[in-house]
Amino acid sequence: MAGLPGPFLCWTLLGYLCLSGLAVEVKVPTEPLSMPVGKTAELTCTYSTSVGDGFALEWSFVQPGKPISDSYPILYFTNGHLYPTGSKSKRVSLLQNPPTRGVATLKLTDIHPSDTGTYLCQVNNPPDFYTNGLGLINLTVLVPPSNPSCSQNGQTSVGGSAALRCSSSEGAPRPVYNWVRLGSSPTPSPGSMVQDEVSGQLILTNLSLTSSGTYRCVATNQMGSASCELTLSVTEPSQGRVAGALIGVLLGVLLLSVTAFCLIKFQKERGKNPKETYGGSDLREDAVAPGVSEHTSRVDSSKGLLERPSSAGTVTTTKSKLPMVV
């Protein structure tokens, strides 16, 4: 073989390795796997290689929408021992342990909605030649719709428009929504009713009194259905104005009542605590006239009369010492 060209020699050796069974090849189902929540999922993985001391098996997981490089291990087998790891460690195992006979199927019990994603089955067996040592399996955990929430907004008067909304917080695959009207009342005409099964919104236009009634929203997927109901009341525009005026009158009366109550209470509180005030022109009994000494009069405490002293004069005048000019 020394005289053979280099490329020919390489292809000869490759064919020899493949024919002798030293190539690693992993096989997994091509179709995605779907399982109801709470059940046990079996992720089938088989391989072909000559198991030796370097044989190693690893299962890893990556969440939906993330690249394969973000995967993290959940179980691996090496050196003859099995090692579950991560948050799923108590729920993962192998269908055959040890996985040395070409079967590396993974069992995942009590599956949760968070188990939805891509699982990677990878077999390493150096120095075997690698042709396809990795297999990918997509798992979807099926969840029935949760009880949806119904709401409405808009102008619910004659001639107006209203939007009815419906949404479930859980459900896989994503539920579709359908609105129906209950009772014997006629269903609104198709031109005045627009429904979106994906978003769960129902638009009602050109409302009339006959649009009033109970509407039911049903959320459905392959796991089941759930529903909620909503009552729509359409009123005349004049009724709305009268109601607004009545509310305004009631608020005004309430405000006047509160104001009157506060004034009455204030007057009562003021009457309990009167204040003595004297004006500048008020006369006092004990006031002394100007020019009269205080000792010339006193108040008889027993009779309340002014007594004059026994002396002849009550007022003493003093002649002016200034000379008179004739």
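**Close-up views of a predicted model**

View 1. H112 is partly exposed, with a relative accessible area of 31% (buried means under 20%, exposed over 50% and partly exposed in between, with a 1.4 Å probe and protein chains only). The residue sits in the loop that links β9 (106–108) to β10 (117–124); strands (E, at least two residues) and helices (H or I, at least four) are DSSP runs, numbered from the N terminus. Beyond its neighbours within four places in sequence, H112 is in contact with V37, R91 and V141, where contact means heavy atoms within 4.5 Å. G38 lies 74 residues away from H112 along the chain, yet their C-alpha atoms are separated by 6.4 Å.

This is a predicted model in which local features need pLDDT of at least 70 and side-chain atom pairs count only at pLDDT 80 or more, while totals for chains, interfaces and linings use all residues. Residues are numbered from 1 along each chain as its sequence is written, and side-chain values use heavy atoms, with hydrogens and water left out.

**View 2. Polar contacts of N125.** N125 belongs to the loop between β10 and β11 (129–132). N125 is buried, its relative accessible area being 2%. Its side chain makes a polar contact of 2.8 Å with the side chain of T49. A polar atom of the N125 side chain also lies 3.5 Å from the backbone nitrogen of F55. A polar contact is a pair of N or O atoms within 3.5 Å; within protein, one must be able to donate a hydrogen and the other to accept it, and residues adjacent in sequence count only if both atoms are side-chain atoms.

**View 3. The sheet β13-β14-β17-β16.** These 4 strands form an open sheet in the order given, with antiparallel pairing; two strands pair if DSSP finds at least two bridges between them. β13 (149–154) and β16 (193–196) are the edge strands, each with a single partner, so one side of each has no neighbour in the sheet. From one strand to the next the twist averages 15°, with axes fitted as lines to C-alpha atoms and angles running from 0 to 180 degrees between N-to-C directions. β16 pairs with β17 (residues 201–204) in the antiparallel sense over 4 bridges. L204 in β17 is the bridge partner of M193.

View 4. pLDDT is the predictor's confidence in each residue, from 0 to 100. The chain has a mean pLDDT of 79, and 72% of its residues reach 70 or more. Over residues 276–283 pLDDT stays under 50, and the model has 1 contact beyond four places in sequence for this segment. Residues 292–326 also stay under 50, with 12 such contacts. Where pLDDT is low, the predicted coordinates should not be read in detail.
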